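Below is a short briefing on a structure. Have the sequence and the coordinates open as you read.

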Amino acid sequence: MPDFLDFGKHTVHVWSAFGLTLVVMVLNIVAARRSLAERSKSARRRLTGDAVATSTVTTTTVTTQGGES
Amino acid sequence: MWKFIHKFGSPPHFFRLSELLAPWFAWIAAILILAGAYGGLFVAPTDYQQMDGFRIIYVHVPSASLSLFVYVTMATAAAVGLIWRIKLAHAVAAAAAPIGASFTFLALATGSIWAKPMWGTWWVWDARLTSELVLLFLYFGYMALRAAIEDENRADRASALLAIIGVINVPIIKYSVEWWHTLHQTASISKLGKPSMPPDMYIWLVMMIVGFMFFFGALLMIRTRAEVIRRARDQRWLREALGVS
């Protein structure tokens with residue numbers, strides 16, 4: 001092990017504490033980004049679905065009215 | 001004041017502001033944390049008593065401070081949501097909880113790793129450690145309560161009450177080392193008194209604490225955006241924000 005990474009009898013404790021901190025930070029970043037991506041995706045799907053449903057209803061109404069006249 | 005609160009409580013305004021601020025917060029956090037970690041590990045002098053084991057302070061104290069800071073932020077947001085009926089405030093509180101829980105866990109875990117060589121044990125049921133563990137359970141309780149109630153408004157109100165009541169634990173954690181005889185050492189940094197560390201140790205710790213705060217700020221904005229999207233119905237601003245025509 002290079003000298004500058006060696007903390008004597010506390011090497012394992014120091015590096016495990018810093019390592020764990022890195023893991024918690026990375027997991028936080030991944031979880032936050034994933035949550036935003038998933039919510040945006042499902043909202044887009046919902047909004048596009050709503051738009052398609054609305055246009056289908058409008059088309060049907062227009063066709064029906066056209067048929068009756 | 002009223003106008004100010006309502007302007008900041010508006011989701012479209014928050015969306016624009018958070019999009020602008022989150023990357024800045026993330027970059028400031030990255031620079032401070034990298035510099036602080038480097039300084040704490042390789043530049044700060046070795047402690048005469050704890051030797052290099054004291055370097056754990058550079059991750060333990062910032063995560064413990066953040067665990068309290070996040071809780072106060074969460075409870076304040078919950079109170080604002082409850083009093084002024086601002087939905088965005090409830091979204092902020094909901095977004096803060098998992099971040100706070102993760103840093104409370106980190107504070108407990110790094111404290112345990114530090115305790116083993118210094119106290120000869122991973123854990124003792126002393127006032128500081130026990131009250132910090134209670135904080136972790138408060139975060140879990142808050143998240144479980146939200147998840148258990150289907151109706152969004154009821155979930156907001158009930159969890160806000162729990163968050164506000166739980167604030168009583170914050171001064172207990174903070175002053176536990178003074179009120180009771182504990183194994184845990186007293187505060188290294190105090191707003192009023194002189195720090196109990198020399199400046200060449202102290203400066204890196206301050207850098208890490210501020211870096212962790214900015215990191216939380218960036219995460220909170222991203223998570224709140226997700227929470228706002230989840231709560232939003234078919235609104236024009238959301239269509240514009242997500243680029244849906």
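Of the 245 residues in chain B, 50% are buried. In chain A the buried share is 25% of 69 residues. The model is predicted.

**Chain B: fold and extent**
- Chain B has nine helices and zero strands.
- Read from the N terminus, the elements of chain B are α-α-α-α-α-α-α-α-α.
- The radius of gyration of chain B is 20 Å. A compact globule of 245 residues would come near 18 Å, so the value for chain B agrees with that expectation.
- Along the principal axes, the C-alpha atoms of chain B fill a box of roughly 65 × 35 × 30 Å.
- Take the contacts in chain B with a separation of 6 or more: 74% of them join residues 24 or more positions apart.

**Chain B: surface and charge**
- Chain B carries 21 positive and 14 negative side chains. The centres of these two sets are 7 Å apart.

**Chain A: overview**
- Chain A has one helix and zero strands.
- Helix 1 of chain A covers residues 11-68.
- Chain A exposes about 4700 Å². Carbon and sulfur atoms account for 65% of this area.

- A:Val14 sits in helix 1 of chain A.
- The relative accessible area of A:Val14 is 0%, under the 20% cut-off, so A:Val14 counts as buried.
- Which residues does A:Val14 contact, leaving aside neighbours within four places in sequence? In chain A, the partner is A:Phe7. In chain B, the partners are B:Leu41, B:Asp52, B:Gly53, B:Arg55 and B:Ile56.

**B:Ser102 in helix 4**
- B:Ser102 belongs to helix 4 of chain B, which spans residues 87-119.
- Is B:Ser102 buried or exposed? Its relative accessible area is 18%; that is under 20%, so B:Ser102 is buried.
- The B:Ser102 side chain reaches the backbone oxygen of B:Ile99 at 2.7 Å.
- Not counting residues up to four places away in sequence, B:Ser102 touches A:Val24 and A:Asn28.

**Positive phi in two loops of chain B**
- Most residues other than glycine have a negative phi. Two residues with a positive phi follow.
- B:Met51 is not a glycine, yet its phi is positive, at about 55 degrees.
- Where is B:Met51 found? It is in the loop between helix 2 (11-43) and helix 3 (57-84) of chain B.
- B:Met51 has a relative accessible area of 42%. That value lies between the 20% and 50% cut-offs, so B:Met51 is partly exposed.
- B:Arg85, also a residue other than glycine, has a positive phi near 55 degrees.
- B:Arg85 lies in the loop between helix 3 and helix 4 of chain B.
- Why does B:Arg85 count as exposed? Its relative accessibility is 72%, and exposed means over 50%.

Notes:
Residues are numbered from 1 along each chain as its sequence is written. Chains are lettered from A and ligands numbered from 1 in the order in which they are written. This is a predicted model: local features need pLDDT of at least 70, side-chain atom pairs count only at pLDDT 80 or more; totals for chains, interfaces and linings use all residues. Side-chain values use heavy atoms; hydrogens and water are left out. Helices (H or I, at least four residues) and strands (E, at least two) are DSSP runs, numbered from the N terminus. Buried means under 20% relative accessible area, exposed over 50%, partly exposed in between (1.4 Å probe, protein chains only). A polar contact is a pair of N or O atoms within 3.5 Å; within protein, one must be able to donate a hydrogen and the other to accept it, and residues adjacent in sequence count only if both atoms are side-chain atoms. Contact means heavy atoms within 4.5 Å. The radius of gyration is taken over C-alpha atoms; the globule rule is 2.2 Å times the number of residues to the power 0.38. Lys and Arg count as positive and Asp and Glu as negative; His and the chain ends are not counted. The place of a charge is taken as NZ of Lys, CZ of Arg, CG of Asp or CD of Glu. Accessible areas come from the Shrake-Rupley method with a 1.4 Å probe; for residues, only the protein chains shown count as cover.
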